[in-house]
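Q: I have a structure here that I would like to go through with you. Could you take me from the overall fold down to single residues?

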Amino acid sequence: MPARGTIQLAFTPWDDAEGVIVAGIRRARQQILVQAYSFTSRAIANALIAARRRGVDVIVMADREQTYGGEFSRIPDLVQAGIAVVLEVRYQSAHNKVMVLDAGTAEAAVITGSYNWTYAAQYKNAENLLVLRDNPDIVNAYAANWRRHYTDALPYAAP
């Protein structure tokens, strides 16, 4: 795949990776596809909820074990706000941390890296984050991979 476009980097705990993600969510106009392993960040959850309220199609796919077993999961908050949530059940760990923003548009981007959508990822861990823009092939590949995982996922049900 050819290297092109722009890349934005963040390294925690020094950089505000959470702020970079929230800014990306705020720029989205059509759709946000999320793959999450652990999801406890109130700021990211609130940004996704705000995106949903402004008419963006938001779909979250999360790891089943982390969702039901992890403390402080924001997944119930997302469901309560009307965001579609499905859980990956096929793998021991659905360890992807990906957001595909507005695939198929000129503003499309992918957010990925080791960074979980958690407080600890921002303030306690050494993590990395990449925002890839202006490369439709990359965005399309991530969107296709997201859809492949979605076919095996099950709808979220409150415990």
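This is a predicted model: local features need pLDDT of at least 70, side-chain atom pairs count only at pLDDT 80 or more; totals for chains, interfaces and linings use all residues.

Q: How many helices and strands does the protein chain have?
A: There are six helices and eight strands in the protein chain. Along the sequence they follow the pattern β-α-β-α-β-α-α-β-β-β-α-β-α-β.

Q: And how compact is the chain?
A: Its radius of gyration is 14 Å, close to the 15 Å given by the globule rule for 159 residues, so the protein chain is as compact as a globular protein of that length. Taken along the principal axes, the C-alpha atoms fill a box of roughly 45 × 35 × 35 Å.

Q: What share of the residues is buried?
A: Buried residues account for 46% of the 159 residues. The accessible surface of the chain is about 8,100 Å², and 51% of that belongs to carbon and sulfur atoms.

Q: Which way do E5 and E6 run relative to each other?
A: E5 and E6 run antiparallel and are joined by four bridges. Within that pair, Val98 stands opposite Thr112 in E6.

Q: What happens on the E7 side of E6?
A: E6 pairs with strand E7 (residues 127-133) in the antiparallel sense as well, over five bridges. Here Thr112 stands opposite Leu130 in E7, while Val110 stands opposite Leu132.

Q: Is E6 itself enclosed or open to the outside?
A: E6 is largely enclosed by the rest of the structure, because four of its five residues are buried.

Q: Let us change topic to H6. What are its length and span?
A: Helix H6 (residues 136-150) has 15 residues. From its first C-alpha to its last it reaches 21 Å, close to the 21 Å expected at 1.5 Å a residue.

Q: Which of its residues are buried?
A: The buried residues of H6 are Val139, Ala143, Asn145, Trp146 and His149. Seen down the helix axis, they fall within an arc of 160°, so they line one face of H6.

Q: What covers them?
A: The cover includes strand E2 (31-36), strand E3 (57-63), strand E4 (84-88), strand E5 (98-101) and strand E6 (109-113).

Q: What does Asp152 touch?
A: Not counting residues up to four places away in sequence, Asp152 touches Val89, Arg90 and Tyr91.

Q: And how far is it from Glu88?
A: Asp152 and Glu88 are 64 residues apart in sequence, yet 6.9 Å apart in space, C-alpha to C-alpha.

Note on methods
Residues are numbered from 1 along each chain as its sequence is written. Side-chain values use heavy atoms; hydrogens and water are left out. Helices (H or I, at least four residues) and strands (E, at least two) are DSSP runs, numbered from the N terminus. The expected span of a helix is 1.5 Å times one less than its number of residues. Buried means under 20% relative accessible area, exposed over 50%, partly exposed in between (1.4 Å probe, protein chains only). The arc is that of the directions from the helix axis to the C-beta atoms. Contact means heavy atoms within 4.5 Å. The radius of gyration is taken over C-alpha atoms; the globule rule is 2.2 Å times the number of residues to the power 0.38. Accessible areas come from the Shrake-Rupley method with a 1.4 Å probe; for residues, only the protein chains shown count as cover. Two strands pair if DSSP finds at least two bridges between them.
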